[in-house]
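Morning, everyone. Please look at the chain on the screen, and I'll walk you through its cores, a helix contact and the salt bridges.

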Amino acid sequence: MLDTLAQEETDIYDDAAGTDPAALFAVAYRSFAGPVLGYLKARGVDDPEAVTQDVFMAFYPMVEDLTGGLPGAKSLLFSIAHARLVDHYRRVDRRPRLSPYDPQDDHRTSPSAEEQAVELDGGAADLLRGLSTEHQEVLALRVVADLSIEQVAGIMGKSTGAIKQLQRRALQNLKEQTLTRNRANHE
């Protein structure tokens with residue numbers, strides 16, 4: 001017998017041997033969940049509680065065919081735990097190494113593409129400011145949020161036909177503004 005098991009649990013296990021897998025599982029869980037968790041913690045698994053649950057979930061379907069009593073259950077459980085540990089370290093080894101971003105170490109001198117696209121001197125934000133509030137809203141929902149006409153109609157409380165018209169007019173106004181600005185820049 002195992003020294004760490006209470007005699008009562010050993011008796012439950014022996015009485016249920018071959019007849020009640022749930023009782024066998026319960027005794028094995030009460031006897032070995034703590035040691036399996038301790039093993040996984042000691043070996044540095046990121047989430048040892050979750051991996052312990054995975055071990056017992058993998059163990060449960062094997063209980064009916066288990067031989068060797070509680071020592072066999074212990075051996076099987078720690079074999080499963082070791083396999084999960086190996087899987088954990090393989091996953092960790094495949095992850096890219098991340099380094100923290102420190103803005104003081106960032107010596108870029110050119111603005112990002114996002115900043116250039118939205119800058120106030122002729123960027124998208126400036127173009128949108130020249131549109132009515134409804135036109136701005138419909139373009140933001142259709143283009144930026146990538147919503148369907150039906151979804152935009154529901155949000156704005158209008159019919160799909162009205163949304164189509166608003167979008168068409170907003171794009172037409174945007175086109176006219178762009179052409180006017182380009183003409184002024186080339187003169």
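**Salt bridges, cores and a helix contact**

Start with K158: this residue is partly exposed, with a relative accessible area of 32%. Buried means under 20% relative accessible area, exposed means over 50%, and partly exposed is in between, with a 1.4 Å probe and protein chains only.

A word on the source. This is a predicted model, where local features need pLDDT of at least 70, side-chain atom pairs count only at pLDDT 80 or more, and totals for chains, interfaces and linings use all residues. Residues are numbered from 1 along each chain as its sequence is written, and side-chain values use heavy atoms, leaving out hydrogens and water.

Now, how many salt bridges does the structure hold? There are 2. A salt bridge here is a side-chain nitrogen of Lys or Arg within 4 Å of a carboxyl oxygen of Asp or Glu. K158 pairs with E134, at 2.9 Å from N to O. K158 sits in the loop between α8 and α9, E134 in helix α7 (residues 133–144), and the two are 24 residues apart. Helices are DSSP runs (H or I, at least four residues), as are strands (E, at least two), numbered from the N terminus. E134 is partly exposed too, at 37%.

The other pair is D46 and R95, with the closest N and O atoms 3.7 Å apart. D46 lies in the loop between α2 and α3, and R95 in the loop between α4 and α5 (113–118), so this pair ties together parts 49 residues apart in sequence. D46 is exposed, at 54% relative accessibility. R95 is partly exposed, at 42%.

On to the inside. A nonpolar core is a set of buried Ala, Val, Leu, Ile, Met, Phe, Trp, Tyr and Cys residues joined through side-chain atoms within 4.5 Å. The largest has 22 residues. α2 gives the largest share, 8 residues. Which residues does L77 touch? Leaving aside residues up to four places away in sequence, L77 touches A28, F32, V36, V55, F56 and F59. Contact means heavy atoms within 4.5 Å. A second, separate core has 14 residues, including V152 and M156.
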